[in-house]
Amino acid sequence: METAKEQAAQYTLEPATDIPKSNHYYLNMGPQHPSTHGVLRVLLEMDGEYVIKAQPVLGYGHRMHEKMAEHKNWMAFMPNTGRMDYAAALPFNHGYAALFERLCNIEVPERAEYIRVITSELNRLVSHHLWLGAFLLDLGAFTPILYTFDDREQVLDILEDITGSRLTYCYFRVGGVCKDIDDKFVERTRAYIKRQRERFKVYNELVTGNIIFLKRVEGVGIISPEMARRYGATGPVVRGSGIAYDIRKAEPYSVYDRFDFEIPTGTTGDSLDRYLVRLEEMEQSLRIIEQALEQLPDGPYLGKVPKKLKLPTGDANFAVEAARGELSYYLVSGGGDMPYRLKIRVPSYSNLSLLPELAQGMLIADLVAAMGSLDLVIPEIDR
Amino acid sequence: MHPATEKLVNELNELPVAVAACDYAQRGYHYEVDVAADQVRALAECMLKHDMYLVFVGGLDVKPVPRVVYQFASYTHPGRFVVRAAVDENNMVPTISDIFQGASWHERETRDFFGIVFADHPYLKPLILAEEDVDLKPLLKTEEALKDISEVSWPAASDVSSKPEAKNKAEQG
């Protein structure tokens with residue numbers, strides 16, 4: 001095993017400044033640091049309070065989901081999909097179910113597609129609530145998390161009623177969803193939308209205009225559109241940099257093309273822009289849910305799916321917009337009912353990979369703000 | 001086809017690579033590209049020039065030689081490319097981490113899981129797996145499970161123009 005110093009010395013990013021090496025020291029941020037959310041370790045080469053190099057060290061939460069996918073049949077892997085991004089599990093369910101529907105030409109009843117959209121968007125709201133509270137907690141503001149978690153509980157209660165769980169959902173099935181929604185669900189969701197709109201005012205009053213908050217995030221961690229592209233960043237990170245890229249619009253899946261919603265974008269690509277983009281995204285999710293509840297058709301919630309699914313030989317890809325960006329399942333099949341290979345492309349992985357370049361020359365306190373604004377979920381990166 | 005995609009495909013056709021259009025509804029991507037290891041860098045540069053971003057890099061263990069799978073897409077228009085590159089005789093593929101910086105981690109992960117070496121990668125150390133598991137290569141198939149590339153590809157991959165339509169008709173009939 002190498003020492004931390006040797007590890008960092010081999011890392012090839014050129015230092016941002018020509019400060020004499022003798023002043024440098026090494027610092028481990030994580031794996032238990034509260035602002036790395038989960039088990040991420042960032043190896044920092046520091047000069048005083050300035051970051052010279054930052055190198056994320058991954059793998060503490062690695063479970064080898066891709067190998068498990070090759071050894072379970074298509075149905076048995078579904079619970080695994082909810083255990084990667086624990087904050088927004090339903091889009092992961094969605095991508096996996098839809099992948100097999102694409103590959104095997106399975107028709108999904110319209111009602112099921114609507115239920116999927118409604119619950120996925122509710123899950124996106126839950127995820128953004130969690131991020132909002134935790135991000136501001138990282139910046140030293142303790143109060144907002146009490147407000148956002150209050151709202152988050154409302155949604156979790158609604159989702160718990162129909163999915164049976166509060167965090168690692170396994171609600172979607174190939175061909176539909178496993179349980180129908182009822183009038184009570186619709187009623188509660190409508191009430192929640194009304195309540196949430198009121199709460200945005202509270203968020204804005206409490207946080208958005210706050211001078212301490214603005215000083216911490218404005219101009220911090222600027223990601224240019226060109227940089228985002230070189231790293232393959234997606235989701236709110238790339239939208240904060242001014243690129244209106246959203247899989248829900250770019251490659252519309254399910255019934256997303258039937259709803260009227262906007263893709264919020266930022267201008268400078270700093271942490272504040274990413275904050276504003278996510279806040280606006282929450283409003284857009286409410287709009288989608290509202291329209292979907294309005295249009296919700298009657299009918300079955302689970303289509304006809306053969307008990308034994310025989311996969312054709314070949315490969316297929318399915319991309320969905322998860323809460324953090326583009327999630328792609330790329331499946332290679334050699335027939336039978338188990339994938340030959342399943343590659344899971346998770347959004348946080350690419351979003352975090354730009355950290356070494358982003359962190360160069362940054363104050364360590366700003367690094368906390370910049371990392372928080374990326375909205376990382378480490379078990380998703382480690383898989 | 002979007003004009004930007006058309007331009008990219010035309011430029012790709014000038015390289016010694018095989019580009020085939022695919023049925024998006026069936027496969028979820030628009031183009032399939034087969035490439036030799038020594039053309040990977042030229043292809044990546046072409047992708048960068050045409051405003052594509054790197055979705056992922058992964059491995060695929062097949063006979064006769066393992067493949068490295070790249071996927072590219074665009075922020076501005078629909079056009080998803082799946083690129084398969086066969087490794088060379090030394091189990092190597094050149095790195096594209098200096099072209100798409102985001103490839104660096106993906107390549108390290110592929111080295112972890114498949115043992116495929118990315119030539120000239122600046123820091124090809126284990127990323128996801130622990131340091132001592134450098135020879136584990138968990139996603140390599142056993143002798144019995146290993147399949148030929150033709151057994152995991154859509155049938156009649158060589159017949160470029162008529163493939164998606166013919167396949168659909170066969171399924172309907």
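Trainee: How many residues of chain A are in contact with chain B?

Mentor: In this predicted model, 42 residues of chain A are in contact with 35 residues of chain B. A pair counts as in contact if the C-beta atoms, placed from the backbone, lie within 7 Å.

Trainee: Which element gives the most to the side of chain A that touches chain B?

Mentor: Strand 6 of chain A does, with 7 residues. By class, that side of chain A has 16 nonpolar, 14 polar and 12 charged residues.

Trainee: Why is helix 5 of chain A called roughly antiparallel to helix 6 of chain A?

Mentor: The axes of helix 5 (residues 110–138) and helix 6 (residues 143–163) of chain A cross at roughly 160° and come within 9 Å. Angles over 145 degrees count as roughly antiparallel, so helix 5 of chain A is roughly antiparallel to helix 6 of chain A. The crossing is left-handed.

Trainee: What makes up the contact of helix 5 with helix 6 of chain A, by class?

Mentor: That contact has 15 nonpolar, 5 polar and 2 charged residues. Among them are Leu122(A) and Val126(A) of helix 5, and Phe149(A) and Leu156(A) of helix 6.

Trainee: What makes helix 4 of chain A mostly covered?

Mentor: A residue is buried if 20 or more other C-beta atoms lie within 10 Å of its own. In helix 4 of chain A, 14 of the 16 residues are buried, so by that cut-off the helix is mostly covered.

Trainee: What span is expected for helix 4 of chain A, at 1.5 Å a residue?

Mentor: The expected span is 22 Å, and helix 4 (residues 89–104) of chain A reaches 23 Å from its first C-alpha to its last, which is close. Asn105(A) follows this helix, with a positive phi near 55°.

How values were computed. Residues numbered from 1 in each chain as written. Chains lettered and ligands numbered in written order. Predicted model: local features only at pLDDT ≥ 70, side-chain atom pairs only at ≥ 80, totals over all residues. Axes fitted to C-alpha atoms, helices over the stretch in contact; angles between N-to-C directions. Helix = DSSP H or I, 4+ residues; strand = E, 2+ residues; numbered from the N terminus. Parallel < 35°, antiparallel > 145°, perpendicular 65-115°, else oblique. Left-handed = near helix turned anticlockwise from the far one by under 90°. Contact = placed C-beta atoms within 7 Å. Nonpolar A, V, L, I, M, F, W, Y, C, P; charged D, E, K, R; others polar. Expected span 1.5 Å × (residues − 1). Buried ≥ 20, exposed ≤ 12 C-beta atoms within 10 Å, placed from the backbone.
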